[in-house]
Amino acid sequence: MTSLFKTEQLKKSYVTGDTEIHALRGVTTEIPSGELVVMLGPSGSGKSTFLNILGGLDQPASGKVLFKGKNLANLSDHELTYYRREHVGFVFQAYNLVPSLTALENVALVTEISPNPMDPLEALAIVGLKNRANHFPSQMSGGEQQRVAIARALAKRPEVLLCDEPTGALDSETGIVVLSALMKVNEAYATTTIIITHNAAIASLAHRVIHFSDGMIHHVQINETRKTPQEIAW
Amino acid sequence: MTPFLSVLNKKLFRDLLNIKGQVAAITLVMAAGIAIFIIMFGVLDSLKLTRDTYYDRYQFADVFASLKRAPEAVKDRISEIPGVSVAQSRVVFGVTLQMESMLEPATGRIISLPDSSPSLLNKLYLREGRMLFPNEENAILADESFVKAHDLSLGDNLTVIMNGYKRTLHIVGIVLSPEYVYSIAPGALMPDSKRFGVFWMSRRSLEAAVNMKGAFNDISIKTERNVPIEAILSQVDSILKPYGGLISFAREDQLSNFFVSNELKQLEGMGSLAPVIFLSVAAFLINVVMSRQIATQREQIGMLKAVGYSNKEVSLHYLKMVLVITVLGSIIGLSLGAWMGSGMTQMYTQFFHFPILKYSFSLEVMILAVFSCTLAAVIGTLFAINKAAKLPPAEAMHPESPAIFKVGLLERIGADQYLSFTSRIIMRQIERRPVRTVMSSVGIAFALSILVFSFFMEDSMEYLMDVQYGITQREDVSIGFVEPKAAKALEEIKTIPGVLMVEPLRNVPVYFKNKHFKKRGSIMGLVSNPLLRRVIDENLAAVTMPNEGIVLNKTLAGILQLKVGDTVEVEILEDKRQTLTISVAAITQEFIGLGAFMNIHQLNKVLDSTPKITGASLLVDQNHSALLYKKLKAIPAIVGLNITSVLRQIFEDIMAENLLKMVATNVIFASFISFGIIYNTARITISERGRELASLRVLGLTRAEVAYILFGELGLITLLSLPIGLFLGYSMSVGMTESMDSELFRIPVYIKNSTYGYAVLIVLLSAIVSFYLVWRQVDSIDLVSAQKGVE
């Protein structure tokens, strides 16, 4: 299988107040196309920074990050915008839906600017929310809002779906519904999906689990057998 | 580029609906700024255009001269002066009017109209009745303002004393003249259409009545375009000198036009500075408000960028939001401005007695108003968007990380231990965001300042009148004689029952010169230490008339560029026509008119004449005033009689009709703007901190405690704004009076404490109402959803 992402010696640090925090201290890895990847690690281990760099939201201080052979580290802000617009779908922990738009319109927000989107209603159908299309975020539960966010991310037919703690704010039952939706997309469209979580149980769903620790990859684990969301519990 | 009804545009409209209170407040501030801007400039432009059109259409002359008597042939010599296109001679004669309804005497001026041909210059506008027939006897046309002041109508008769004979004249027409937009009696400062009237009569009839057959004593001249007036004036003077010619003067020194120009200048001072200040304040606020409004959208901006919207698209989205508000504000502002402006122009047209009315609302003014507001809003928006867009999207999407609080002044001085923790929240919030605190305070301070600035004019006017009629002109009555009289005339007046005190006055028309600075005026001779008509210095103390030299007021000294110790050349415009050189002994403070004063004994001496007086100041016993006026009216030598209380009344009326209406407009708009500003400040605080306050409620704080945190901060910001606002208001007032200075009068800056009080009260009331409206919103936040982060 070809790799979608390849990183070499990625480094990134932040200055907060008087202290410098080394978020990434040389990360070298590969993420094959079509896989469901889970990134595990304690808070501050660098996984979110890594995800943001893969998604073109942030740029490394040094090192390379290749997306299909193209180095994202060299792209301008404008080019990164188009990279995100055309290739990346995001799912955020806080959903980040526009409160003044309905579920359908929140999805359309992305399909309007994508080169090859699916029908927003179809995207909602995939996450099982076709009947909630005209509801506003305030009229939906957390799990429903997160599924709208997933629909919004997948409606552009992205090559990669990046999810930062997608179930972090949800209870176990709702979390399972959301994870099922993500797995379904991964399988049906072969969309490479990268999920950040604190929750080790979720790791058993993945093809590949990347363990982060202290700004570096501690180890990578390949799952020979994967569980279904219904089989895990937390 | 997204289609018009894209999802983003839907978001735009729903977001706008969601903050409709704020949108309304911003729109209001902007509309008020734009409206007042175009009202004031529209009124000024329209009035100037109306005046110019009126002068032009009715052939208002460019040069005027009066003389004792010259044969008609002299007119032709004047017509031949190069640059003169038309010269029209006439007879102008002063008369005493016998008005039954009045105790005090009234005077008038009768002006001849040519019989053989229509008038070429200073044409009359016929309001009612008809023009004169050629050679018509005993028929007159009367100036409309006199007719109105005395409630006369067509066909009424008027009894006048003309050249010593009593005559009854018949009013056949009511007219307006560009030459007498204001009818101001000779020597008077203010127009007074009750005590001074202007009439027109057939030339032949008037000549016969006043022994001026084949002669004239007044001439008006129209010059060709772009010829130097000075050259014509000096040639006219040299031709007329043998005939008792007084110095000729150009249109700008013509009394009525001078007054009109001064009034317009004052309106301009008031009408240009105020709207510029209002518009700037509105623009500043829109800028601040928009930048804070956008700042509350930070998470959404982050999300839009994360999912692939470019900076340009995001900026455009928020710019559209601003444009919707500015378009709304502009439409309301422009319509309101055009509507109120036309009403106000109409009002002023009546005030100025212009028979025609020309509207002019210049497109440039409108564009400038809309453009400056829009620009301010766009800059504020772009600034905030840029700030939000600079953050990496991932960071922008998270709620702002806990703000950095450091140990501040409060802790260092140990004051924190005396404060409750809610008070500490307030103090730290203010300490941490000093720029925002100051900006909010400055915004409210602006609101306060435009209130002070709008109110102060009335105080200053009152002060001016108190000084003028309470300290300077302390006489009850001043009288003027037809021609200078021997000083012993004073003794006669003293004997009239009811006269308590008399002081002599001698007024001499002169022409002041200092290098190339020239000014027509008069010198008033006063006794050394006058008790009635006084001259005062800057500390309102009476100035003693020096034995040597002349005392000038600041305005005249300014025009002539003179200081104490300089000498001024004075050409006397009567009798021997001497030219004197007099040293400037003192410069005084006077609010009204151009003043030049000398010791009356000294004045008599330098004029080389026997002691003469032209008038007197009287203190009268109010119980006998009716009888006194009757006696004075019967003395033929008295042509002018001014009652101080009446003068003050006239002055007040003119102010009330003219300036104070503009002041009222300003006050209304200033109040709108103040409320708009304060409401917005409160609303934004809520959108920034609503969630935090709701969380505190969840933690168990009572409503009162949360309200205390919110309003403690707003209250402190408001309190901080008060001294800044009062200072700004005072400064603006100083600027305004400086821009309104005219030769006619200078407005002192005088602001009563109660005015400051009213302004502060309006701000505090706006604050309380805004706080209440905002509180209802905080109070209605659902505590559960507040925790989930749903807005």
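Biologist: How confident is the predictor in chain B, on average?

Modeller: Chain B averages a pLDDT of 84. At least 70 is reached by 94% of the residues. Keep in mind that this is a predicted model. For the model as a whole, the scores are ipTM 0.83 and pTM 0.72.

Biologist: What makes residues 787–791 of chain B a stretch to treat with care?

Modeller: Their pLDDT stays under 50. The scale runs from 0 to 100. The model gives this stretch eight contacts beyond four places in sequence. Where pLDDT is low, coordinates should not be read in detail.

Biologist: How much of chain A counts as buried, and what does a residue need to be called that?

Modeller: A buried residue has 20 or more other C-beta atoms within 10 Å of its own. In chain A, 50% of the 234 residues count as buried. Sequence distance is another matter: of the contacts between residues at least 6 apart, 70% join residues at least 24 apart.

Biologist: What makes up the side of chain A that touches chain B?

Modeller: Helices α2 (77–87) and α3 (103–111) of chain A each give two or more residues to that side. Across the interface, 23 residues of chain A are in contact with 24 residues of chain B. The chain A side divides into twelve nonpolar, six polar and five charged residues.

Biologist: How is chain B divided into domains?

Modeller: Domain 1 covers 61–259, domain 2 covers 433–472 + 642–791, and domain 3 covers 499–620. The centres of domains 2 and 3 of chain B are 45 Å apart. Ten residues of domain 2 of chain B are in contact with nine residues of domain 3 of chain B.

Biologist: What makes a set of residues a nonpolar core, and how many residues has the largest one?

Modeller: Its members must be buried, of the listed nonpolar types, and joined through C-beta atoms within 7 Å. The largest such core has 184 residues. B:Ile673 is one of those with the most contacts inside it. Beyond four places in sequence, B:Ile673 is in contact with residues including B:Val29, B:Phe278 and B:Ala447. A second, separate core has 58 residues, among them B:Ile78 and B:Leu169.

Biologist: Why is B:Asp151 called exposed?

Modeller: The cut-off is 12 or fewer C-beta neighbours within 10 Å. B:Asp151 has 8, so it counts as exposed. The residue lies in the loop between α4 (144–149) and β7 (157–162) of chain B.

Biologist: And what makes the phi of B:Asp151 worth a remark?

Modeller: Most residues other than glycine have a negative phi. The phi of B:Asp151 is positive, near 55°.

Biologist: Is B:Leu540 buried or exposed, and how do you know?

Modeller: B:Leu540 has 11 C-beta neighbours inside 10 Å, so B:Leu540 counts as exposed. B:Leu540 is not a glycine, but its phi is positive, about 65°. Its place is in the loop between β14 (517–526) and β15 (550–553) of chain B.

Definitions and conventions
Residues numbered from 1 in each chain as written. Chains lettered and ligands numbered in written order. Predicted model: local features only at pLDDT ≥ 70, side-chain atom pairs only at ≥ 80, totals over all residues. Contact = placed C-beta atoms within 7 Å. Helix = DSSP H or I, 4+ residues; strand = E, 2+ residues; numbered from the N terminus. Nonpolar A, V, L, I, M, F, W, Y, C, P; charged D, E, K, R; others polar. Domains from an automatic or database assignment.
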